[in-house]
Amino acid sequence: MTDQILVTRSSLPLFDEYVEEIKELWESHWLTNMGTKHKQLQKEMLSYLGVENIELMVNGHMSLELSLQAMDLDGEVITTPFTFASTTHAIVRNGLEPVFCDIDPETFTMDTKMLEELVTDRTCAIVPVHVYGNICNIEEIRRIAEKYGLKVIYDAAHAFGEKYKGMGIGSFGDASCFSFHATKVFNTIEGGAVCFKDKDFGLDLYRLKNFGIRGPEIVDSVGANAKMNEFCAAMGICNLRHLDDEIAKRKIISEYYRNCLEGVEGIQLNPVQKDVQSNFAYFPVVFDEKLFGASRNEVFNRLETEGIFTRKYFYPLTNTFTCFHGKYNVDQTPVALHISKRVLTLPLYAGLSLEQADRICSIILQCRN
């Protein structure tokens, strides 16, 4: 059988490049607690992302959870169920109540036409999600947030390296939270970051990620431990050098998929957004069973039998999780429910060949018969 094709594969620098990057750690024995690699990556990311301030974190989830905590919020947070578990869990773990807004059927991001009607006197913040690299309606979210005095914390886990109207995507909202998990476009093995403008917020965020410690003998608040270690930072330094090339390779595969599948009846592809410099993070395909002739699950199973592993991403919706059973009404987000039952993300990574992409498309199209 042909070698298996996974839905993603982590980008790695050359082995010798990483070994050279971490060599000094054996000299300094400084392995964590904001050492030289942490500081170097932080500086390079400020430049690459075009943002004012950034805090590196142990993972993307803690970036979001601690950002919400640092804002000292209370009440309801409007978000979307069409996201990874982390988004909803970060809200709930802060003692806040998620209020779910449906998604736009084309971009899969928060449907801002429905957003304002969800605002109540208990609403304290909005947590929109940039999905598959698709950027939210930033202008409308800003308008509504300013009108009602709400904080905006973007879940930008899918959007690292992207620009909107020439500005780094981390520049928007009160905070933008990134994930550097091994499966992302850019990885530090495991890691995350928060971009922000308000330095007072940044100080609170730093306290939370480092036990509330402000100095050798000063601990003035209760904090957690969410520091990125030096080995992860070193991996980030290496991967950042090659990121533009990695994105360029992903673009080639994405365009090949689009050329093969665009215009096929019963298939909806990810939009090409105006004013967005994409990172080509994911390639989602939505299947209309009646028009295409096969369901999402049938395509998923057929590909799997051929050793090709795709992902039902995002399924299930977070407002249907067992841990929230009976708490939320999924009928209030019908578009998100519809898409979640029909979407499949295809394999996409820099090392995927055009021959492999062609094979994937051929099998998908064969499912119509």
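Ring pairs tie Phe-82, Phe-108, Tyr-132, Tyr-282, Tyr-313 and Phe-314 together into a cluster. That is a friendly place to start looking around this structure, which is a predicted model. In the whole structure, a search turns up 22 aromatic pairs.

**Aromatic rings**

- A pair of aromatic rings is described by two things, the distance of the centres and the angle of the planes.

**A look at Val-276**

- Val-276 is part of strand S13.
- Leaving aside residues up to four places away in sequence, Val-276 touches Gly-133, Ile-135, Glu-162, Lys-163 and Tyr-164.
- Asn-134 lies 142 residues from Val-276 along the chain, yet the C-alpha atoms of Val-276 and Asn-134 are separated by 8.2 Å.

**Overall fold and dimensions**

- The protein chain holds 12 helices and 15 strands.
- Its radius of gyration is 21 Å, close to the 21 Å that the globule rule gives for 369 residues, so the chain is as compact as a globular protein of that length.
- Taken along the principal axes, the C-alpha atoms fill a box of roughly 70 × 55 × 40 Å.
- If you count contacts in the chain between residues at least 6 apart in sequence, 70% of them join residues at least 24 apart.

**Burial, surface and charge**

- Of the 369 residues in the protein chain, 54% are buried.
- The chain exposes about 16800 Å², and carbon and sulfur atoms supply 51% of that area.
- The chain carries 37 positive and 50 negative charges, and the mean positions of these two sets are 1 Å apart.

Notes. Residues are numbered from 1 along each chain as its sequence is written. This is a predicted model: local features need pLDDT of at least 70, side-chain atom pairs count only at pLDDT 80 or more; totals for chains, interfaces and linings use all residues. Side-chain values use heavy atoms; hydrogens and water are left out. Helices (H or I, at least four residues) and strands (E, at least two) are DSSP runs, numbered from the N terminus. The radius of gyration is taken over C-alpha atoms; the globule rule is 2.2 Å times the number of residues to the power 0.38. Buried means under 20% relative accessible area, exposed over 50%, partly exposed in between (1.4 Å probe, protein chains only). Contact means heavy atoms within 4.5 Å. Accessible areas come from the Shrake-Rupley method with a 1.4 Å probe; for residues, only the protein chains shown count as cover. Lys and Arg count as positive and Asp and Glu as negative; His and the chain ends are not counted. The place of a charge is taken as NZ of Lys, CZ of Arg, CG of Asp or CD of Glu. Rings of Phe, Tyr and Trp (its six-membered ring) pair if their centres lie within 6.5 Å; planes under 30 degrees apart count as stacked, over 60 as edge-to-face and the rest as tilted.
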